[in-house]
Structure formats: C-alpha cells, structure tokens
Amino acid sequence: MVFEWLNKTSLFLLTCLLFCSCTRGHYIDTNDGDDAQPDKSIAYLRSLYNNAAVTIQGDFEIRGKVVSTDAYGNFSRSFVVQDESGGIEILADVEEIFQIYPVGSTVVVSCNSLVIGRYGDDLQLGAASGDYRYQVGRLSAEQLAGHIRVDTEAAVAEFRPVLLTVGELSARYLSTWVAFEGMQFIDEELSLAVGNASAGTLAVRHLVDADRDTLDMVVLPGAIFAGVQVPDGNGYIEGVLGAFGGRYRIQVARWDRGVLFYSPRREY
C-alpha cells in the first residue's frame with residue numbers, strides 16, 4: 001500500500017511539473033527572478049515582428065534617444081527613437097510631439113500591449129490599427145503618456161548620425177540617423193522645389209553619389225521647407241533612413257542643418 005501511495009504521489013507531482021513547464025512556455029518571460037522590468041534593445045523589439053502585425057506580450061522596456069520629431073513638418077504625428085542597436089518610428093495621434101519628446105531627450109518605452117508592424121519596407125510601433133491598409137495605428141494621447149516617458153535624469157544630447165555611402169546601406173540602418181557626403185540631386189530635378197506643397201502630395205526627389213548609386217529623398221507637403229528650391233551643388237545630407245518599394249530613402253528633419261550643398265556640382 002505504501003509503495004502504491006508513493007507511486008500515485010510521484011505521478012501526480014510529475015504531472016504538475018510538466019503542466020507548469022508547458023504553460024510557462026506560452027509567455028515571454030523577460031524578468032530575471034524579481035519584479036524588475038529590464039531594458040531590451042530596439043533590435044530585440046524589431047526581431048519580434050513576424051510578417052504580420054504583432055501585439056507585444058512581454059513586460060519589458062526599451063530606452064533610446066529621440067533623433068527626429070515633427071518640429072519642422074517633415075514627420076507627421078510620429079517620432080523616431082534610436083539606441084546603439086537600431087531605431088524605430090513611433091506613431092501617435094498627437095500634434096507637436098516635439099514639445100513632449102524633444103530631440104536629444106532619452107525616452108523609456110513600456111512595450112507591453114503595443115503593436116509592431118510594417119509600413120513599406122520598414123517597421124513602426126504604435127497601437128492596433130482600425131484600417132486594414134495599415135498594420136499599425138496611432139497611439140492616443142492617453143496611450144502615449146501611459147507607455148512613453150522622458151528620463152529626466154538623462155542628459156539631453158543629440159544622437160550623432162552614422163556616416164555612410166549608399167553602397168553600404170542595409171536593413172540594419174533603417175529608422176536610424178544617417179549621413180552621406182558627396183551627394184547631389186539629379187539634373188532633371190534642379191528646376192523643382194524639394195516638396196509638393198501646392199499639390200499637397202508627398203514628394204520624392206533623387207540623389208546620386210560619386211559611384212552613381214542613387215538614394216531617394218522624401219518630403220511631406222506640410223514640411224516648412226517644402227518650397228525650397230532643389231540645390232544645385234554637391235555636399236552633405238543627413239536624416240532618418242527608410243525604405244519603400246525596394247528603394248532606400250532619406251527623410252530630412254531640419255533642412256538648414258541637414259542639407260549642406262556648398263561644393264561645386266560633379267560632372268559625370
């Protein structure tokens with residue numbers, strides 16, 4: 001009888017252990033044995049995307065610098081956060097985001113229940129989308145305040161762009177602050193403005209480097225510099241890297257600091 005009771009007890013305990021192990025595997029456990037919410041990298045966050053919108057189930061945070069906002073109109077109701085591993089654009093149904101999250105500030109993003117999805121060839125972070133055309137929706141003001149806070153103890157310092165050539169571009173640099181030298185606009189666009197403010201449509205202009213590699217530049221119709229003439233010259237450009245339709249594109253946040261074409265135009 002004693003052996004029979006021990007066998008039944010052992011079987012019960014083994015069943016409980018197996019059940020607990022299987023149940024635990026359905027959750028993303030990011031804790032290290034206490035109640036802390038450890039930081040994860042933005043690269044880790046991006047790795048959670050799996051070809052469809054993903055609602056994040058995991059009590060973790062990401063921390064990074066704000067590298068671009070809507071201050072000059074070439075980003076609309078969104079801002080870009082970057083750490084050493086990568087960057088992500090965050091969507092919000094809020095105007096003047098730059099007043100809440102200035103460029104150079106450090107923000108902490110609580111990711112649980114947020115949605116990561118694709119637009120074009122890059123990823124975005126936000127809320128569940130109510131529009132079948134988009135994988136990610138915009139966070140409400142309440143959601144924004146509840147999920148993202150400024151680390152007031154961190155020093156305000158702008159993220160330095162990575163200087164690259166067009167030939168060096170890869171998905172690793174998407175949604176990060178990048179810069180290029182020796183660039184110029186194609187001949188066919190020198191008579192145009194950089195944006196399509198009067199038409200109210202997105203403008204796509206085209207840059208070329210010394211190796212004749214090309215890079216698109218996008219300007220929203222609401223950008224305060226949309227009416228600036230395409231510069232005739234050669235020089236430096238910086239902004240956030242994106243991709244759409246299989247082509248890399250740069251989105252300049254601030255024209256007076258981000259586009260410096262002071263050298264003579266290159267002849268091909």
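The side chains of R77 and D93 form a salt bridge with an N to O distance of 2.7 Å, a salt bridge being a side-chain nitrogen of Lys or Arg within 4 Å of a carboxyl oxygen of Asp or Glu. R77 is placed in the loop between β3 and β4 and D93 in the loop between β5 and β6, so the contact ties together parts that are 16 residues apart in sequence. Strands (E, at least two residues) and helices (H or I, at least four) are DSSP runs numbered from the N terminus. R77 is partly exposed at 25% relative accessibility, and D93 is partly exposed at 47%; buried denotes under 20% relative accessible area, exposed over 50%, and partly exposed the range in between (1.4 Å probe, protein chains only).

The model is predicted, with local features requiring pLDDT of at least 70 and side-chain atom pairs counted only at pLDDT 80 or more, whereas totals for chains, interfaces and linings use all residues. Residues are numbered from 1 along each chain as its sequence is written, and side-chain values use heavy atoms, with hydrogens and water left out.

Nine salt bridges are present in the structure. One of them joins D39 to R63 (3.1 Å, N to O) and links distant parts of the chain, D39 being in strand β1 (residues 39-40) and R63 in strand β3, 24 residues apart. Both partners are partly exposed, D39 at 40% and R63 at 30%. D39, R63 and D151 belong to a network of salt bridges. In a further pair, the closest N and O atoms of D131 and R133 are 2.7 Å apart; D131 is partly exposed at 23%, whereas R133 is exposed at 56%.

Backbone geometry was also examined. Most residues other than glycine have a negative phi. R77, although not a glycine, has a positive phi of about 55 degrees. S175, likewise not a glycine, has a positive phi of about 60 degrees; S175 lies in the loop between β10 (162-163) and β11 (177-185) and is buried at 3% relative accessibility.

The secondary structure comprises four helices and 16 strands. Of the 268 residues in the protein, 43% are buried. Among contacts (heavy atoms within 4.5 Å) with a separation of 6 or more, 66% are between residues 24 or more positions apart.

The largest nonpolar core contains 27 residues, and those with the most contacts inside it are L45, F79, I88, I90, V109, L125 and I148. Such a core is a set of buried Ala, Val, Leu, Ile, Met, Phe, Trp, Tyr and Cys residues joined through side-chain atoms within 4.5 Å. At least two of its residues come from each of α2 (42-47), β3 (61-68), β4 (78-83), β5 (86-91), β6 (106-110) and β8 (122-126). A second, separate core of 25 residues includes L164, L215, A226 and F261. Apart from residues up to four places away in sequence, I148 touches F79, I90, Y101, V107, V108, V109 and L139. S68, in strand β3, is buried at 0% relative accessibility; with the corresponding sequence neighbours up to four places away excluded, S68 touches F75, F79, V80, V103, W177, V240 and A253.

The protein exposes about 14,400 Å², of which carbon and sulfur atoms supply 53%; accessible areas come from the Shrake-Rupley method with a 1.4 Å probe, and for residues only the protein chains shown count as cover.
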